[in-house]
Amino acid sequence: MIDVSKRNESLLIRGSVVKVRRTCGKAQCKCVDGELHETWALSYSYEGRTRMIPLREEDIGVARQAIKRYQKSLNWLESQAIQGIKHLHATVKAAKRRAR
Ligand SMILES: [Zn+2]
């Protein structure tokens with residue numbers, strides 16, 4: 001079970017906040033004439049499929065912050081991985097020099 005009391009400041013979310021325009025299905029609504037309802041959703045891919053979670057107005061900021069946090073973490077991880085490659089490369093080159 002997900003702990004929903006988890007503090008928002010530490011959330012990581014992969015995806016993007018998107019505006020969704022849709023009809024509601026009621027026969028007599030303004031959306032039938034093309035004035036579509038606008039709602040917000042989190043769009044993300046999981047197990048090869050794009051999925052959507054409808055968001056309340058108050059969730060939008062939280063989701064955007066968590067997405068930014070995820071991107072920063074991802075950038076950090078990527079730079080660490082590149083550093084790892086450079087370190088390994090330098091180690092191999094140094095060993096070759098010593099072997100000559
Ligand atoms: Zn409608």
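Visitor: Hello! How are the residues numbered, and what pLDDT do local features need?

Guide: Residues are numbered from 1 along each chain as its sequence is written. In this predicted model, side-chain atom pairs count only at pLDDT 80 or more, totals for chains, interfaces and linings use all residues, and local features need pLDDT of at least 70.

Visitor: What pattern does the protein chain follow along the sequence?

Guide: Helices (H or I, at least four residues) and strands (E, at least two) are DSSP runs, numbered from the N terminus. The protein chain has 1 helix and 3 strands. Read along the sequence, they give the pattern β-β-β-α.

Visitor: Is the protein chain more spread out than a compact globule, or what does its radius of gyration say?

Guide: The radius of gyration is taken over C-alpha atoms, and the globule rule is 2.2 Å times the number of residues to the power 0.38. For 100 residues that rule gives 13 Å, and the value for the protein chain is well over it, so the chain is more spread out than a compact globule. The C-alpha trace spans about 85 × 30 × 25 Å along its principal axes. The radius of gyration itself is 23 Å.

Visitor: In what order do the strands of the sheet stand?

Guide: Two strands pair if DSSP finds at least two bridges between them. Strand E1 (residues 16–22) and strand E2 (residues 37–46) run antiparallel, joined by 7 bridges. The open sheet of 3 strands has the order E1-E2-E3.

Visitor: Which strands stand at the edges?

Guide: An edge strand here has a single partner strand, so one side of it is left without a neighbour in the sheet. That describes E1 and strand E3 (49–55).

Visitor: Which residue in E2 is the bridge partner of Lys19?

Guide: Val18 stands opposite Ala41 in E2. For Lys19, the bridge partner in E2 is Trp40.

Visitor: Does Tyr70 count as buried, exposed or partly exposed, and which is it?

Guide: Tyr70 is found in helix H1, which covers residues 57–99. A residue is buried if 20 or more other C-beta atoms, placed from the backbone, lie within 10 Å of its own, exposed if 12 or fewer, and partly exposed in between. Tyr70 has 15 C-beta neighbours inside 10 Å, so Tyr70 counts as partly exposed.

Visitor: What share of the residues of the protein chain count as buried?

Guide: Strand E1 is hardly covered, with 0 buried residues among its 7. Of the 100 residues of the protein chain, the buried share is 4%.

Note on methods:
Two residues are in contact if their C-beta atoms, placed from the backbone, lie within 7 Å. Axes are lines fitted to C-alpha atoms, for helices over the stretch in contact, and angles run from 0 to 180 degrees between N-to-C directions.
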